[in-house]
Amino acid sequence: MLLMADRLDQVTSFLRRPDVNLCFQIHPNQLTIPTFNPPAEWNYWWQWSGEPMNASFTSNVLWSQSKWQLLWFYYVRDSTPDWIREHPDEDTFKLIPIQLRKLIDEARTLQLSRAVDTFGRQSTRRKFTGMSPKKAHEVERMTQYVSNVLAEDSPESRPQHAADIGAGQAYLSRSLRDELGLHVLALDFSQVQSHGAARREQASKSSDNETQAGSLDYEMIAVDSNSLISATEHWIQRRVHGCCLNPCPTPILWVALHACGSLTLDILRAFILRRRQNDQDVCWRPSAAVIVGCCYNMVRSEDRVLTRDDIVLSPNHLQLAAQTPDQWGTSPLKFDETVLAIRKIVWRALLEGIMARSEVTQTDPAAKLEIRRLGRLNNDAYTDRDQFIRRAQTRMGVDLSSQCSLSERDENLERRLEVFHVLRCILGPVAETFILLDRERWLNEQLELTCSTKIRAVQGM
């Protein structure tokens, strides 16, 4: 296994490769603009991507599906879902240019594993109510993970207090209290979320007469490093000490299930600041933090890269870092959703090209052409191309009927758009790997290898 420092160096070199970097810098919409010229660095896959899929081998293998699907199957070839009965064999994969195969292989090797751990126990006290299945899954797994982290400490040093940062409706806060018996401070910046959490808490009290081992308090703040320290300080003084004269700081667990954008780093900076203070100067100390970062696209520009000066992450890097192509085929429904998502990318890119080539007639004189935006359309708008055009015209207040019809298809361009988008999604997890390894290196530098500190980046929730 590669050492993390070595892997970060290799990931950085990979992302700086001209052919890879251009995949992040160029948006699919740009491929449809008349003035677009494909970079020479893409020659090894560009021509191939536009050609029809029509090849037969001596083994009588005939693969007639789209090229983007062939690329995806190659990417997941070691873990093809059981429900997919017909998929390419090794001979069929030879249809993919060898240099493109090597690129995908390197991307798979460099990215951190996203395999889901089968850890923990099941909830025993209550069912998760009022949540979507996705939210219930996240809360249950987070509770299990926190339980495992706490079990690593001795009973004497194990935290009994936790701050749930960005608590929202406080589903996780209540689970940590009810399942693990923790005293929890739920922090959120939204008045609507905080009031909703309070209402749910009241409803829970009226329907549940069980004695609670823990407790739950709410506070509404805009979280940054300083406000997090201050809010935790005031809460612990009220709950435990009443003053800061205790000889042994109270251990605190910080949790954040959705630490959007730079919130992850705000929490880590607060953790570092507090850990550097002497025990005699504080009444509490963060002993562990369990943080699930998300929404890389909302990361502040100064937080995109922390330890390197030889790479720049664009907004496209941050958007693509969240792509999960290894999850596209987990079920037939999920794969159908993926097919639809790729069709949306392609058709919207084609529309961009049509708008760029056309003298657009404006049907709504009050609308400003320079701010035309398509926005989100319902899925049924993508059932056929002409219907998509009609919906787009209505939404944007323009008339394209005299300019084009999507029935006049440029199939070569469509295939290239599909391949390009899927290739970018395959490269995305490498961008996330850089973000996580860069943060880990920064964190180790900041902590100066402080003993007994637990920081874990949790994925696969």
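Me: So how much of the protein chain is buried?
Reply: Buried residues come to 50% of the 461 residues in the protein chain. Keep in mind this is a predicted model.

Me: And how many helices and strands in the chain?
Reply: The protein chain has 15 helices and eight strands.

Me: What about the largest nonpolar core, how many residues has it got?
Reply: The largest nonpolar core has 77 residues. F14, L15, W45, L100 and L351 have the most contacts inside it.

Me: Which helix gives the largest share of this core?
Reply: That's helix α15, residues 411-447, which supplies 15 residues of this core.

Me: And what does W45 touch, leaving out residues up to four places away in sequence?
Reply: With those left out, W45 touches L100, V419, F420 and L423.

Me: Which residues does the second core include?
Reply: A231, A256, L265 and W442 are included in that second, separate core, which has 28 residues.

Me: Switching to strands. In what sense do β4 and β5 pair?
Reply: Strand β4 (residues 250-260) and β5 pair in the parallel sense, over nine bridges.

Me: Which helix goes with β4 and β5 in the β-α-β unit?
Reply: Helix α11, residues 263-275, makes a right-handed β-α-β unit with β4 and β5.

Me: Is β5 mostly covered or mostly open?
Reply: Mostly covered: of the eleven residues in strand β5 (residues 284-294), ten are buried.

Definitions and conventions: Residues numbered from 1 in each chain as written. Predicted model: local features only at pLDDT ≥ 70, side-chain atom pairs only at ≥ 80, totals over all residues. Heavy atoms only, no water. Buried < 20%, exposed > 50% of the residue type's maximum accessible area, 1.4 Å probe, protein only. Helix = DSSP H or I, 4+ residues; strand = E, 2+ residues; numbered from the N terminus. Pairing = 2+ DSSP bridges. Right-handed = clockwise from strand over helix to strand, strands pointing away. Core = buried A, V, L, I, M, F, W, Y, C linked by side-chain atoms within 4.5 Å. Contact = heavy atoms within 4.5 Å.
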